[in-house]
Amino acid sequence: MSEPTLTIKAGEFTDHDQAPAAEADQDAPTLRELALEEAALDLLAARVATAKKDVRTRMQVALDAAAKRDGVERVVATLPNGETVATISLRAGATGPVVTDEEALARWLRQTYPEQDWTTTRIVREVRPWKLAELVAQMDAAQTAQIVDPDTGEVHDVPGVIIKPTRARTHGLTWKKGGKELTGEAWRSGALRRYMQALTAAPEEATA
């Protein structure tokens, strides 16, 4: 008896795993489609970054004005349907000592405390880093460009140092639980269209 033969016609598969793989390849995005997707997302990311920087600047100005006028330091983000999704809070800046002329400071330390090895000499005299950090910490605690001699109690005005803002006032956003999902749905439904104009504006409008 002769063995049965198997005839494979064009388009047929002998392995059940081959057909789904071929179908998956047909559904995969082409190289051109991936290139367009990346280009579109790159444009969108740039517009989002620009729009976010702009709104943060305007928000900071508004928060600073509200804090000065009414003592307001936080505001909630509420969707058009009344649901609260996030809170934006004012963060205070900081003021402290800033060394503006280290050479003058080093020269003063050398003259005032000649027995202390607090400076080094290269082309110019410098304060040793550990001592500079110690002095700055003392002036930061007192919020004045002065130090007190621990032995004599004498108060010294420190040259080359001023007290000035070291960190600008800013603000932070805290999402409420479920807020991101609600905001995403509001975006998809078109409820936030007026807030997204910077992302969909014509090029000349977006750069104006």
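User: In which helix is the place of V48?

Analyst: V48 sits in helix α2, which covers residues 31-70. This is a predicted model: local features need pLDDT of at least 70, side-chain atom pairs count only at pLDDT 80 or more, and totals for chains, interfaces and linings use all residues. Residues are numbered from 1 along each chain as its sequence is written, while side-chain values use heavy atoms, with hydrogens and water left out. Helices are DSSP runs of H or I with at least four residues, strands are E runs of at least two, and both are numbered from the N terminus.

User: Why is V48 called partly exposed?

Analyst: Buried means under 20% relative accessible area, exposed means over 50%, and partly exposed is in between (1.4 Å probe, protein chains only). V48 has 36% relative accessibility, so it counts as partly exposed.

User: What makes up the nonpolar surface patch of about 230 Å²?

Analyst: L41, L44 and V48 make it. Patch residues need over 30% relative accessible area and no salt bridge; like charges are joined within 9 Å, and nonpolar side chains (Val, Leu, Ile, Met, Phe, Trp, Tyr) within 5 Å. The areas come from the Shrake-Rupley method with a 1.4 Å probe, and for residues only the protein chains shown count as cover.

User: How do you know that the span of α4 agrees with its number of residues?

Analyst: The expected span is 1.5 Å times one less than the number of residues. With 14 residues, α4 should span 20 Å, and its end C-alpha atoms are 20 Å apart, so the two agree.

User: Which residues of α4 are buried, and how do you know that they are on the same side?

Analyst: K131, L132, L135 and M139 are the buried ones. They cover an arc of only 100 degrees around the axis, so they sit on the same side of α4. The arc is taken from the directions from the helix axis to the C-beta atoms. Their cover includes β3 (94-99), α3 (102-112), β5 (125-127), β6 and β8 (161-167), where contact means heavy atoms within 4.5 Å. The face turned away from the buried side carries exposed P129, W130 and A141.

User: Why is the pair K131 and E134 called a salt bridge?

Analyst: A salt bridge is a side-chain nitrogen of Lys or Arg within 4 Å of a carboxyl oxygen of Asp or Glu. The closest N and O atoms of K131 and E134 are 2.4 Å apart, so the pair qualifies. Both lie in α4, three residues apart, about one turn of the helix. K131 is buried at 5%, whereas E134 is partly exposed at 41%.

User: How many salt bridges does a search of the whole structure find?

Analyst: The search finds seven. One of them joins R107 to E103, with the closest N and O atoms 3.8 Å apart. These two are four residues apart in α3, which means that about one helical turn separates them. R107, at 42%, is partly exposed, and so is E103, at 38%. D70 pairs with R69 at 3.0 Å between the closest N and O atoms; D70 is exposed at 52%, and R69 is exposed at 59%.
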